[in-house]
Amino acid sequence: MNHDDPVLLHTEGRIRHITLNRPRALNALNHAMVLRIDGALAEAELDDSVTAVLINGAGERGLCAGGDIRSIHEDVHAGGGTSMDFWRDEYRLNARIARFLKPYVAIMDGIVMGGGVGVSAHGDVRIVTERSRVAMPETGIGFVPDVGGTYLLGAAPGELGTHLALTADAVGAGDALLCGLADHFVPSQRLAELTRALAACGTAAEIEETVRRFASPAPGGELAAHREWIDSCYRAESVEEILDRLDNSGVPAAKQAAETILAKSPTALKVTLSALRRARRLDSLEAVLDQEYRTSCTAFTRPDLVEGVRAQIIDKDRNPRWSPADLAEVSEADVALFFATLGDRELGLDSGLGRRTDLTNTD
């Protein structure tokens, strides 16, 4: 095993370990990493000596901060299309994880954002710690939640997912559990011991029992106390009406949420709200990923994505100049373009499988 590889693979007992190994880049995913993870899963699925797969991140800062968005900025300026190839394979990987035939254990310690959610939250056993910060931050860079994020957020109780998608807020362990993005809380100091114990597990039942043995009640979250205004305000049919309800709710936290949302890309906000609503009507993760591929490819051709990456990652001035700059300037027709068919460039994952029986949007 070459310890400089961006993805490290090894087997401990009957568990195949996949470690994202770019700690200086917060384990951000690039295309080569996606292909290596996909290949590792294909091999593990056929290997009878492997009971389960476990994914984690190298370093102390997190599992994965998302895709390598600096490369998107470079791709746009080069007039290329490698980003679309990356998303195609990344979304296929997300679907593979969700349908993986053996237990898929994700250690969601530290920062887990964007693409990091995609390689963890579709798994069977999703573990958060007191250090976990989970988010889909795409609206802040002029993008739309992808990697199945609109599927996951659309299934969160009430309108919690809408709140997280539009604000791009990160949540801790308690709220990740509440929103259905994770299953168990395990204190970070017990992760090494848990990993050793999992090595001896020979069945899915043994893995689940072992994780439960190490799990503890999660620290209290923040969102449950805000459910009333979140559900009321975000139930509105437009971003403008959501903002109006937040501003006039009389709740300081709601007003702060409105200010946070107003700093995001107007186009990304409207497309994100539509994507969430549409995702709830689709009946499989694959269908949602197909939809997200359309929105991602269209975003690649629009000015806000490259401008958002510039402001947040390249120049770091945190002062994006969105185009258009106002919500009123983003028409329904503008939004509809993000959902138009791509013709022979469609992702085409939807096969009618994976009916939405395990994830429901409940109050």
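Strands β7 and β9 pair in the parallel sense over two bridges, where two strands count as paired if DSSP finds at least two bridges between them, and Ile127 stands opposite His184 in β9. The structure is a predicted model, in which local features need a pLDDT of at least 70 and side-chain atom pairs count only at pLDDT 80 or more, whereas totals for chains, interfaces and linings use all residues. Residues are numbered from 1 along each chain as its sequence is written, and side-chain values use heavy atoms, with hydrogens and water left out. The pLDDT, the predictor's confidence in each residue on a scale from 0 to 100, averages 94 over the protein, and 96% of the residues score at least 70. Over residues 352–360 the pLDDT is below 50, although this stretch has 20 contacts in the model beyond near neighbours in sequence, a contact being heavy atoms within 4.5 Å. Where pLDDT is low, the predicted coordinates should not be read in detail.

The pair β7 and β9 belongs to an open sheet of six strands, in the order β1-β2-β3-β5-β7-β9 and with mixed pairing; helices (H or I, at least four residues) and strands (E, at least two) are DSSP runs, numbered from the N terminus. The edge strands of this sheet are β1 and β9, each of which pairs on one side only. Helix α1 (residues 31–46) lies across β1, β2, β3 and β5 and runs at about 180 degrees to β2, as given by lines fitted to C-alpha atoms, for helices over the stretch in contact, with angles from 0 to 180 degrees between N-to-C directions.

In helix α8 (residues 191–198), the buried residues (under 20% relative accessible area, with exposed being over 50% and partly exposed in between, for a 1.4 Å probe and protein chains only) are Leu191, Leu194, Thr195 and Leu198. Seen down the axis of α8, these residues fall within an arc of 100 degrees, so they line one face of the helix; the arc is that of the directions from the helix axis to the C-beta atoms. In α9, the buried residues are Ile207, Thr210, Val211 and Phe214, and they cover an arc of only 100 degrees around the axis, which puts them on the same side of α9.

A second open sheet consists of three strands in the order β4-β6-β8, with parallel pairing. Strands β4 (62–64) and β8 (133–135) stand at the edges, each with a single partner strand, so one side of each is left without a neighbour in the sheet. Two bridges join β4 to β6 (residues 111–113), and the bridge partner of Cys64 in β6 is Val112.

In the segment after α16 (332–336), Phe338 is buried, with a relative accessible area of 4%. Leaving aside neighbours within four places in sequence, its contacts include Thr267, Val271 and Arg302; Phe338 and Val271 are 67 residues apart in sequence and 7.2 Å apart in space, C-alpha to C-alpha.
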